[in-house]
Amino acid sequence: MTDFRAPKGTEDVLPPRSHWWRAAHRTFDDMCESYGYGLTLTPIFEDTDVFARGVGGDTEVVEKQMYTFTDKGGRSITLRPEATASVVRAQIQAGGVATRFKGAYWGPMFRYERPQKGRNRQFYQAGIEYLGSSSPEADVEVIEFGYRYLELLGIESVEVRLNSIGDPADRATYRTEITEYLNSRFDQLSEDSRRRIDSNPMRVLDSKADADVVRDAPVPLDHLGDAAAEHFAAVRQGLEDLGIPYVIEPRLVRGLDYYNRTVWEYVPTTYEAAQSSVGGGGRYDGLFEVLGGKPTPGVGLAMGIDRIQLAAPQASESPLLDAFVIAASHDHRAQARKLTAQLRRAGVRVDMTDRDRSMKVQFKEADRSRASVAVIVGSEWDRGEVTVKRLDTGDQDVIAVKEIESWLRG
């Protein structure tokens with residue numbers, strides 16, 4: 001018999017573990033509504049050039065990690081390794097951004113990497129994109145969103161690592177200096193970094209393999225022009241006004257080519273893994289033009305749900321159901337089913353068995369389902385009452401049927 005297993009670098013998320021995922025998704029959706037970010041759905045696969053041009057041809061993502069294939073029509077298609085380029089492509093296709101656009105997404109991304117803790121080949125991201133605004137206040141709002149999201153999920157001691165990589169003109173000046181530095185240490189660099197000296201030397205700062213070599217390298221933050229420096233100062237002031245702690249990380253450049261000016265990462269100091277960041281983002285004012293659109297500023301973030309789950313407090317054995325309805329006899333199953341349907345329509349989390357079973361078996365199923373209470377439908381139903389039993393303590397009460405919904409919510 002064939003032993004089928006999930007592909008390497010992927011994993012199944014099943015109950016009860018998935019209860020945390022559902023709560024994380026719900027929290028994200030609620031925050032998006034509070035901040036004004038509308039749901040944005042884009043295809044899981046795109047024309048390969050959307051990512052090759054948008055993400056950057058000499059990035060590790062494009063060179064080594066993309067899942068690219070030729071479809072039956074002979075087109076080169078890639079499973080999305082990230083979502084920002086897709087959202088920008090969608091906005092260009094829709095006619096561009098007239099004033100401002102605030103969109104949010106949640107879903108799987110794909111990168112062919114060596115699987116390890118916090119790094120899968122299929123992983124999940126939740127992100128927001130704030131398009132059409134060049135104001136530092138947009139950067140502050142997006143950074144705050146990610147920080148507050150982690151707070152709501154119980155992630156403590158989060159360090160916001162912040163940097164500015166300047167504007168294209170600033171980087172042109174910086175490029176000369178960093179190239180000279182890297183060439184002077186050419187023999188000490190990894191093969192990938194040697195190759196990137198001419199194409200994108202700033203990316204070498206992001207190379208973990210060359211961390212010791214670039215420790216004393218010049219950094220973009222020391223080469224900001226007046227406009228970028230003023231923007232960065234305003235971002236810092238905005239974060240301080242909101243009470244969001246941050247540290248300046250001058251070698252932070254992020255792994256994708258489309259960023260400019262503000263970049264950041266969220267790192268829980270209590271989370272230990274090869275990939276310590278649980279999310280991050282930055283400004284990408286030139287991405288629209290790269291993908292054929294009109295000049296449009298933008299800033300966004302992506303939160304790594306898989307990593308956040310690993311960094312989150314251990315999920316408590318909290319109830320998954322508010323109630324489990326138990327029929328005391330065969331004759332009471334119809335009333336039990338009626339009550340179950342009534343409570344579900346009212347938004348109460350409730351379940352019952354799918355067939356005639358003894359009360360003992362039904363109670364065992366109630367325990368396995370992690371319900372708070374059992375609602376027993378028996379002879380008292382004729383008096384308009386049911387018996388409720390708390391499954392953790394065994395305490396029982398008799399409650400009027402018309403009051404059971406409010407009792408369960410209380």
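Strands β9 and β10 (residues 279–283) pair antiparallel over 5 bridges, where pairing needs at least two DSSP bridges between the strands. This is a predicted model, so local features need pLDDT of at least 70 and side-chain atom pairs count only at pLDDT 80 or more, while totals for chains, interfaces and linings use all residues. Residues are numbered from 1 along each chain as its sequence is written, and side-chain values use heavy atoms, with hydrogens and water left out. Helices (H or I, at least four residues) and strands (E, at least two) are DSSP runs, numbered from the N terminus.

**Around β9**

- On the β10 side, Glu265 has Gly280 as its bridge partner.
- Strand β7 (residues 158–164) also runs antiparallel to β9, joined by 7 bridges.
- Val158 has its bridge partner in β9 at Pro268.

**How α5 meets α8**

- Helix α5 (residues 136–152) packs against helix α8 (residues 226–241) at about 40°, and their axes are 9 Å apart; axes are lines fitted to C-alpha atoms, for helices over the stretch in contact, and angles run from 0 to 180 degrees between N-to-C directions.
- That angle makes α5 oblique to α8, the label left over once angles under 35 degrees count as roughly parallel, over 145 as roughly antiparallel and 65 to 115 as roughly perpendicular.
- The α5 side of the contact is Pro136, Asp139, Val140 and Ile143, and the α8 side is His231, Ala234, Val235, Gly238 and Leu239; contact means heavy atoms within 4.5 Å.
- Sorted by type, the contact residues come out as 6 nonpolar, 2 polar and 1 charged; Ala, Val, Leu, Ile, Met, Phe, Trp, Tyr, Cys and Pro count as nonpolar, Asp, Glu, Lys and Arg as charged, and the others, Gly among them, as polar.

**The five-stranded sheet**

- An open sheet of 5 strands runs in the order β13-β12-β14-β15-β16, with mixed pairing.
- Its edge strands, β13 (350–352) and β16 (396–400), each pair on one side only.
- From one strand to the next, the twist averages 30°.
- Strand β12 (residues 321–327) runs parallel to β13, with 3 bridges joining them.
- Across from Val325 you'll find Met352 in β13.

**Helices on that sheet**

- Helix α11 (residues 333–345) lies across β12, β13, β14 (371–377) and β15 (385–390), at about 160° to β13.
- Helix α12 (residues 359–368) packs on the sheet too, touching β12, β14 and β15, and its direction makes about 170° with that of β12.
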